[in-house]
Amino acid sequence: MGDTGGRRGAQRGRKAQPGRAGKYELRPKGPAGMGSLSHGEDFQDGNENTAFTWDVKANNQAYNWQFKEKVFLCWHRQKYKTNVIRTAKYNFFSFLPWNLYEQFHHVSNVYFLLIIILQGIPEISTLPWFTLFAPLVCLIVIRATRDLVDDIGRHRSDRAINSRPCQVLVGKSFVWQEWKNLCVGDVIRLSKDSIVPADLLLLASTEPSSLCYVETADIDGETNLKFRQALMVTHQELTSTRKMASFQGRVTCEEPNSRMHQFVGCLEWNGKMYPLDIGNLLLRGCKIRNTDTCYGMVIYAGCPSVTCGLPIPSWCRAGSPAPARVPAAPSPAHPPPHAAPQIFLLLVVMSTALAMSFGLWMREFKDRHHYLWILYQGGVALESFFIFWAFLILLSAMVPLAMFIMAEFIYLGNSIFINWDQEMYYAPLDVPAKARSTSLNDQLGQVEYIFSDKTGTLTQNILTFKKCCIDGHVYGPDSESRTPKGNPYLWNQFADGKLRFHNEKLLRIVRAKRDKVVREFWRALAICHTVMVQEKDSERPDLPVYQAASPDEEALVTAARNFGYVFLSRTQDTITLMELGEERVYQVLAMMDFNSTRKRMSVLVRNPEGTICLYTKGADTVILERLHRKHSAKLSTEEALAAFAKETLRTLCLAYKEVDEATYKRWHQRHQEASVLLQNRAQALQEVYNKMEQNLKLLGATAIEDRLQDGVPDTIKYLKKASIKIWVLTGDKQETAVNIGFACQLLSDNIHILEEKEIVHILEACSKCSSNPLTKKGFPKFPPHIKLAMVIDGDFLDKLLLSLRKEPRALIQNVEADDSRQEPWEAVRDFLRARGLSMLWQNFGVQQTPTKSKDSKTRESPEVQRERAFVDLASRCQAVICCRVTPKQKALIVALVKKYHQVVTLAIGDGANDVNMIKTADIGVGLAGQEGMQAVQNSDFALGQFCFLQRLLLVHGRWSYMRVCKFLRYFIYKTLAITMTQIWFAFYNGFSAQPLYEGWFLALFNLLYTTLPCLYVGLFEQDVSAQQSLQMPKLYVAGLKGELFNYWVFLQAIAHGTATSLVNFFMTLWISWDTAGPCSFSDYQSFVVVVALSGLLCITMEVILIVKYWTVLFVVAIVLSLSFYGVMTYVTQSYGLYQISPKTFSFLYADHNMLSCPSTMLVILSNVTLNTLPVLALRMICQTLKKPYPKEEAEEEAPTEEIFTVEPIPHLHRGSCGRRSSYAFSHYEGYADLITQGTILQRPQEVSSELESDSPVTSEEELLLRPNSSCWHFRKLSLGRLRHHQGEVSFEEMKPSSAMSSSSSVDRQSAVNSDNQGSPTKKLPAAMNRASGSFQKLQMVKKRPLSPKQRPPLPENLLSTKEGSVPLPKERALPKKHQLSLPESQPQPSATKPLPLGQTLWGSQTESSEEKLSPVSTSVPLGESQPYISPKEPHASKEGTVVETLPGTEESSL
Amino acid sequence: MAMNYNSKDEVDGGPPCPPGGTAKTRRPDNTAFKQQRLPAWQPILTAGTVLPTFFIIGLIFIPIGIGIFVTSNNIREIEGNVFMYYGLSNFYQNHRRYVKSRDDSQLNGDSSALLNPSKECEPYRRNEDKPIAPCGAIANSMFNDTLELFLIGNDSYPTPITLKKKGIAWWTDKNIKFRNPSGAESLEERFKGTTKPVNWLNPVYMLDSDPDNNGFVNEDFIVWMRTAALPTFRKLYRLIERKSDLHPTLPAGRYYLNITYNYPVHSFDGRKRMILSTISWMGGKNPFLGIAYIAIGSISFLLGVVLLVINHKYRNSSNTADITI
């Protein structure tokens, strides 16, 4: 899905502009083309249907209105509708019929209607008509009310959307009109960040070549920017409002359809025809980005617009309160229905059995009972058939109709409690928690996997300069008390005052200017970076505003700036600093860029004095080994680094050296040579760089804090204690992710971190074992005490997730919400099939699951096995960190876990890049306020902070789960306790289906007499208080294991109910046997009264016993319920009603008569006691015998919490490494090139200034949103995506051997990693678009000239790629990549790369010595035996084709 | 995005506004109800609370049971008012078709229902084109044996015991539920146009000579119409009122029961019984209730002991009671 739009845009762009040059990104089909299937269909459909029957003329309503379409017979209507959208289902008149129609789509409603109809047949009518009618009517009324409220909300939101303003060309000028007034043919003007109101033909924009950037997140969830472009002719001609007004183009195109990636049309203007495609079209719901103003002509308006056939975009159904998702099918009562079919089955079986018994008795009745025989006219078979139905009606009360509706209330109530919780209110943003979906509360109590985004979710995405170590001296922040009031940086006019780091001593030293090392330290920070200075801040025009490629850099440069070393500006070859008031211009001789192999960057400058200096910053491991041998501060710096690492600060080492002129000359020569190399240039350059970066002098180290959100480590700690597995999925680099993992205590030093290579080994071992069916679960046995963690990255996943991506549809089907109300009983089947089984009912599927897995085991492909093994392995890890994953991969990971483990997954994220993941997981949690609202809008629960998750899960989730379970159990008990007596009674009335209870009692029993306590259990019950829940996370485990409701509990409830009914019936029966006198209850009515009242009291007694949280409300509920019984019994047995209808109210004064006898009371008392006592005793015994909850928590966890103070346990496989490097830098290479080539230093030429002058709408929203739409998630998106195209190539031979020789674990780890990602090719300056769109524009303009050689492949190739979304090694792709990344170089011949290496085990060649030791890897022949990494033929052929995007697109997708 | 998000705010009320966007804070109210902190009593079922309950219940139930049992067994000497029952066994008065086969409107004196009985009464609704009063299978199968009791005194001349026909039905039945058709005329007139049930010997207005006990309000009829819950049942037939405090109502001696046999029960293996019983505060003789109480009391006691033993053995773990659900 993620790629289709972008690719489409690219394709389109290429067609339109064949001369466009620039850096092309190789774009194989994205992984798991979620949309690729549909995309393929699009093509087929599109080819069939290209008749241009849609005819629109600009600025000519008369013309457009002439079209009519035939609706019915001779009734015609306007062909083109206005732009009104209606998402509301009903209007005033249609509500009742339509809603009823919908409601009777519920099988349960139909069932009960059927039963009610059956009751109308006297032959089989057993219950009075009202017994089922009353509850059904109640149910329908309640649901209808809810639908009505929902629909009113939708009406309101429709109104809000329809009355949005937009500028329409009327006459000669643009006037504001509401959306709904738009008509086809209107020319409208849109400004930046406005939403496209209808499907428009883009006519012109203020951007060069009338480009227009759009974000289609609301339509397809993709967050990358795409661009659309106007036709050249309109771009050139329509340059003013006047010209727009006279524009008379006529568009003919296809009818509106749902193919959003396909559009064929034709613009006819001034006698010429111009072809149109999707690239010229702005779809409704897109958002205009980075484009000041654009102009379009409405082609499709209103709901027949292109987007309307799609799943309604989120904005379109803004009013609907809950995001639709299938596991949370709109009816929140989704768990209870799963009991219904079982009960129904039971019911049919019992009815059949009873009917058969009746058949046996029938003969006797007919022959012998003279008073009865005449009542039976039919034959035995016929009468038995009638009796079957009669029993079905009689026992239909067993199907708990009321349970569904009550469950809805309970779910709703629990959601409201979440909204009300003050503890989850985030004051700084004024955000309370919000349960947007009301149907997932019980699942909150069973979450087993949490998938968390990192940036903005775990961290605040604020990097602060925390500490530094200069020349061996550590300067930390001054303690609070000593921190002077006011800003200590006031002396510095360039200080931005944002630096929180205050250290008076350091400041004094800096200002004294005496210490050379300190001076060079700050100078290094101010010089050695790739930060750009943006245009001046409007408030403080003198202050520079930095635009950094990574927040780390920004933090460092900002720190330098506050300490008086102000980076003022840069040109292609100079850097201007203001050093403590003195302006100095450094000449940049070389910039040696950062990349993850080198882990350092250096800048070679000539200072104003003429000395040549090299400033280097980088990972401690890399810098320390390049130091000059004799170094005094090295040791203390290492200590400082170790200390920083313990505090999980991100460290960088700074070093410098002075280079003498001659050395530089020589080096420069070699540098020049290397940089014009045609082959292996990157490698050569790296070698040259490495030459220079030797014998450095250590300046010090910096420590940057990636600030975690409040309470994150604690939250994670508690969640882990609750046996919840937490996976961090981030687009960040591995080092950063691991560092955060340590910071939030997901990882600790005593956890064995599995890396990719190990995982591969394990999986291989596993696949071997699984191929042999005898040895199951072939995991290498990890000793249980070893804690495992896993760190993997996107490429690895790509190779792993093969099978999942093959069937993306299956995975996404629960993302594609289908609004049709899932019917309980149908839902069961779907549920079991589609995995969305609510965990409450998971155990009901127990029988299905093993059989399913059994036969799937035999057929399952190696990929599937591999995936299963991976998931099994990952689930044994304490923590899993996936770095450099794309949003789509995030979703795939979630889907992967869901596919192989029947667990409840929760995804939490804050940004648009998390939307896929949030939608895929069972429960999506969006963090409000950080990166825009997209995550929240797609989530089920919106929170203000990550730490609220703890309360959401451990308190609300657990409570909800417990409440729902208790409720279900109690409800089943109570239903059976009442209805089973009917069966016992059947044995005494000749199986004639005589009802035992009075109709009214049955009708009101579930409605009034027992509802309130049930609701109380479901809404207010607390087994332990919130505080205890939080303190004892172990309690949560009950939910994970489904302890509170499973088959066993269900059977218990059934048994209990049956026992109660048995006791009530038979005790009463035996006692009544011999009774005599006025108080005898041997007559039917009295008997019924006693049994019914006993049952009711037993049930009430049971609820009294199970409720652990007695409040006034509960007492009120109990009292009210019993008074309801009293009042309703009095009313229905009163003479007034008897007179009206003796048949309906036949129990005249029955209760009154019976209850006035003391003996009746005694009987009831004995019944209740006999029911309650043994159950109570049994519970007491179970409770006493049950093992006490382990209370180890506090003591056991203590050492791990204090892990940093304890001597670190040596890593299991790393052995030698005593100190963990905390180097982390969220930075990608490529920026230095941009700087040295001057690419991003140039300002774009504003085009179409005339247009802009019209009336640029300065939107406040833009300002508001700027921080939200920060580059970071864009970057993650795109770089993750870029990376896996490159990762298949192994670059060992380019890698400096020194980098490999490091024995440090992290180094090795990243070395392995870097095999995948250490591409020498330049990546685009992804993050640069933070500065607003200007960078993008810039590059668009800059890259215009394009040599024909570099032209991307023809579109035919693209078509063939639509299926093959598997990023396997690409031999042809690779060289092209090189070629494209180095625009000035010549294209290289194919297959220069040693491809086989790229296909083998993931980059493990570097560790060849280990490889040889491992029997597994050596014994496995490369290629075929590793099906999931070896390229398959069909794929390979497809993979060969290359998808490119224009740099502009790629960047905008960043 | 801004537009989108503002409008959503209005509609949804959900997504947060930027700080300061709204003057009113959205902080949830800090009420005990909303914060789920209502003052509550959390009953914890521990041995300390449950064990005494068992013993107390045992201690209460056993004496009650004994009391009931003794009372019940004491109902022997025929003193006080004596109730005379007839019993039928294997008679399914609770059969669904049978139970339904009546028309309460007709029985309540509704004149239209009298002449046009409910369909429920089929096939005992009409006979020879006349509506049956009372219609239905229940009425049709009314018990019509006559029981007469004689005391054979010393003089071997049987003295008939006065059997009271009235006062055997529920008061509410007799006075509210069952009514004769209204009218000033004689009962026969009021039932004019109807015919007797097929099996009856006499029409309904000839059930008794006493006008207060005739027609639909005939108590024998009312008693019969109050259908039994079980196939073996007894119904009150007559009352034998005590005449004076000094003499037993039925003094010891030989009695002679004269049964006018009208009611066939052989076909379905039925049995007829005649029961004489006095009643106490808790109704008639009912040994089972007493036994039940004694049993429940003993069970309770026993459970208490079992619990005590178990609890004693596993005492240490009882403090986690609040966690178990």
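## Chain B: surface and fold

Chain B has an accessible surface of about 15400 Å², and carbon and sulfur atoms hold 56% of it. Such areas come from the Shrake-Rupley method with a 1.4 Å probe; for residues, only the protein chains shown count as cover. This is a predicted model: local features need pLDDT of at least 70, side-chain atom pairs count only at pLDDT 80 or more, and totals for chains, interfaces and linings use all residues. Residues are numbered from 1 along each chain as its sequence is written, chains are lettered from A and ligands numbered from 1 in the order in which they are written, and side-chain values use heavy atoms, with hydrogens and water left out.

Chain B has 325 residues, and 51% of them are buried. Buried means under 20% relative accessible area, exposed over 50%, and partly exposed in between (1.4 Å probe, protein chains only). The chain holds 10 helices and 8 strands. These are DSSP runs numbered from the N terminus: helices are H or I, at least four residues, and strands are E, at least two. Among contacts in chain B with a separation of 6 or more, 75% join residues 24 or more positions apart. A contact means heavy atoms within 4.5 Å.

## Two domains in chain B

Domain 1 of chain B covers 47–75 + 285–313, and domain 2 covers 93–231 + 259–270. The bounds come from an automatic or database domain assignment. Taken over C-alpha atoms, the centres of the two domains are 44 Å apart.

## Chain A: overall picture

Chain A contains 59 helices and 37 strands. Of its 1454 residues, 66% are buried. Chain A exposes about 49800 Å², with 59% supplied by carbon and sulfur atoms. For contacts with a separation of 6 or more, 78% link residues 24 or more positions apart.

## The largest cavity

The largest cavity has a volume of about 160 Å³. Its lining counts 16 residues; L132(A), P135(A), A397(A), L1002(A) and N1006(A) lie nearest the centre. Helix 6 (129–162), helix 13 (401–420), helix 34 (948–986) and helix 35 (999–1009) of chain A each give two or more residues to this lining. Helix 35 of chain A gives the largest share, 4 residues.

A cavity is a set of points on a 1 Å grid over the protein atoms alone, where a 1.4 Å probe fits but cannot get out; lining residues have an atom within 4 Å of a point. Points are joined across faces, edges and corners, and the volume is the space filled by probe spheres set on them. The lining has 11 nonpolar residues, 5 polar and no charged. Ala, Val, Leu, Ile, Met, Phe, Trp, Tyr, Cys and Pro count as nonpolar, Asp, Glu, Lys and Arg as charged, and the others, Gly among them, as polar.

## A loop residue: F987(A)

F987(A) sits in the loop between helix 34 and helix 35 of chain A. F987(A) counts as partly exposed because its relative accessibility is 45%. The C-alpha atoms of F987(A) and L354(A) are separated by 8.7 Å, although the two are 633 residues apart along the chain.

Conventions: On a 1 Å grid over the protein atoms alone, a cavity is a set of points where a 1.4 Å probe fits but cannot get out, and a pocket is an open set with protein on both sides within 12 Å along at least five of seven lines; lining residues have an atom within 4 Å of a point.
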